[in-house]
Amino acid sequence: MDTTVTLPLGQMGIETKEFTDEELMGRLRDGDRDAFSTLVMRHTKRYYSLAYRMLSSREEAEDIVQEAFLTLWSSPTSWDGGRETKFTTWFYRVVWNSCIDRKRKQRPRPMDDGFDPPDEGRGTEEALEMKRRKENIDACIGELPESQQTALALCFYEGVSNREAAEIMGVSVKALESLLMRAKASLRNKLGGDKGREESQNGQR
Amino acid sequence: MDRDEFLKYLKLYGGDLGRWPSGLGEEARAACAGSLEMREALDQERRFEESLMERVYEEPSPGLEARIISAAASVNKPEPARNSLLGLLNAVFSAIPLPSPAIALPLLLVIGMAAGYLYANYAEQDTDNTQYAEMLYYGEEYYE
């Protein structure tokens, strides 16, 4: 039984790199391993990034992305190429749904009270302050409703267009834009103190 | 673009004017050039977004891609879709170019009319056959 995998890293067929995602999916349906490898090499980072933004954990984000790709490998027909949905949009939705499932299953994690050694070259206080600020932003985003977090992760952090993000989330573009605006207004309010609160209230009027 | 419009779009599309829908970004740039208030609002939005970018982010482990590709070895290789009946049907139908809806509707109409015409002839012939059989059974005088 053949259990070895020819890692394509060194010998990735130049031809597969030239294919679009949709063409690669067509080849993947025929069990083409190079096509799978090319898709993994091409897209792992972007899907990891979304998963990380949703779960705030490297291990879990890597797990989610790995599971999603392995499911794609074992049942490539789950993507219906006949529809108008692009592969990347569809796979964002797969990863996002997995993240939502994982979030609902996981218990709230205790706050990280460990101490990371500060970066060299920075004063300890400055590094601590930066760490606190980052954690504060993370905590504020974590308090947003799931849909607002997703809209923010997709549009703001991943640079996905509003239209594509709306398609991924299965909402209208108007609804997506409303989610984005509310997310930003809440964050301004939480992060900006009184000034932000004032702006947020003006924005809601 | 007036002030209110600018502020609305600023909240919607963010401080990077390059990411605004085509046309709007240029309009916004031109509007900002003539308004201190708009420039300040833009700067404020950019500072806010920069602060959001400070959020904790960890890069994935090096070699995550290679790990996923290796892990695929332990998962059954997908059978080519044509091996199953469904796959075969799929392959057959995907090989046949199906007409687009614009062509399909008139085509259906023509097929329907042709079927109606043929059926009408067949029904007429059927009536003739029935009459002939009845004539044999009842005798010719029955129809006279």
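## Helix 1 and helix 3 of chain B

In this predicted model, the axes of helix 1 of chain B and helix 3 of chain B approach within 11 Å and cross at roughly 10 degrees. Helix 1 of chain B is therefore roughly parallel to helix 3 of chain B, since angles under 35 degrees count as roughly parallel.

On the helix 1 side of chain B, the contact involves Arg3(B), Phe6(B), Leu7(B) and Leu10(B). Their counterparts in helix 3 of chain B are Glu37(B), Met38(B), Ala41(B), Leu42(B) and Glu45(B). By class, the residues of this contact comprise six nonpolar and three charged, with no polar residues.

## Organisation of chain B

Chain B contains six helices and zero strands, and its elements follow the order α-α-α-α-α-α from the N terminus. Of its 144 residues, 8% count as buried. Among the contacts in chain B with a separation of 6 or more, 44% are between residues 24 or more positions apart.

## Contact between chain A and chain B

The contact between the two chains draws 30 residues from chain B and 41 residues from chain A. On the side of chain B that touches chain A, helix 1 (3-13), helix 3 (36-53) and helix 4 (64-71) of chain B each supply at least two residues. Helix 4 of chain B provides the largest share of that side, with eight residues. The residues of chain B on this side divide into 17 nonpolar, five polar and eight charged.

In soluble globular proteins, nonpolar side chains tend to be buried together. The largest nonpolar core of this model has 44 residues, and those with the most contacts inside it are Leu50(A), Ala51(A), Val65(A), Val95(A) and Ala151(A). In chain A, the elements giving two or more residues to this core are helix 3 (21-29), helix 4 (33-55), helix 5 (58-74), helix 6 (87-105), helix 8 (146-157), helix 9 (162-169) and helix 10 (173-204). Helix 4 of chain B likewise gives two or more residues to this core. The largest share, ten residues, comes from helix 4 of chain A.

Leaving aside its neighbours within four places in sequence, Leu50(A) is in contact with Tyr92(A), Val95(A), Trp96(A), Ala153(A), Leu154(A) and Glu158(A). A second, separate core has five residues, including Phe6(B), Ala28(B), Cys32(B) and Leu42(B). Of these, Phe6(B) and Leu42(B) also take part in the contact of helix 1 of chain B with helix 3 of chain B.

Terms used. Residues are numbered from 1 along each chain as its sequence is written. Chains are lettered from A and ligands numbered from 1 in the order in which they are written. This is a predicted model: local features need pLDDT of at least 70, side-chain atom pairs count only at pLDDT 80 or more; totals for chains, interfaces and linings use all residues. Two residues are in contact if their C-beta atoms, placed from the backbone, lie within 7 Å. Helices (H or I, at least four residues) and strands (E, at least two) are DSSP runs, numbered from the N terminus. Ala, Val, Leu, Ile, Met, Phe, Trp, Tyr, Cys and Pro count as nonpolar, Asp, Glu, Lys and Arg as charged, and the others, Gly among them, as polar. Axes are lines fitted to C-alpha atoms, for helices over the stretch in contact, and angles run from 0 to 180 degrees between N-to-C directions. Angles under 35 degrees count as roughly parallel, over 145 as roughly antiparallel, 65 to 115 as roughly perpendicular and the rest as oblique. A residue is buried if 20 or more other C-beta atoms lie within 10 Å of its own, exposed if 12 or fewer, and partly exposed in between; C-beta atoms are placed from the backbone. A nonpolar core is a set of buried Ala, Val, Leu, Ile, Met, Phe, Trp, Tyr and Cys residues joined through C-beta atoms within 7 Å.
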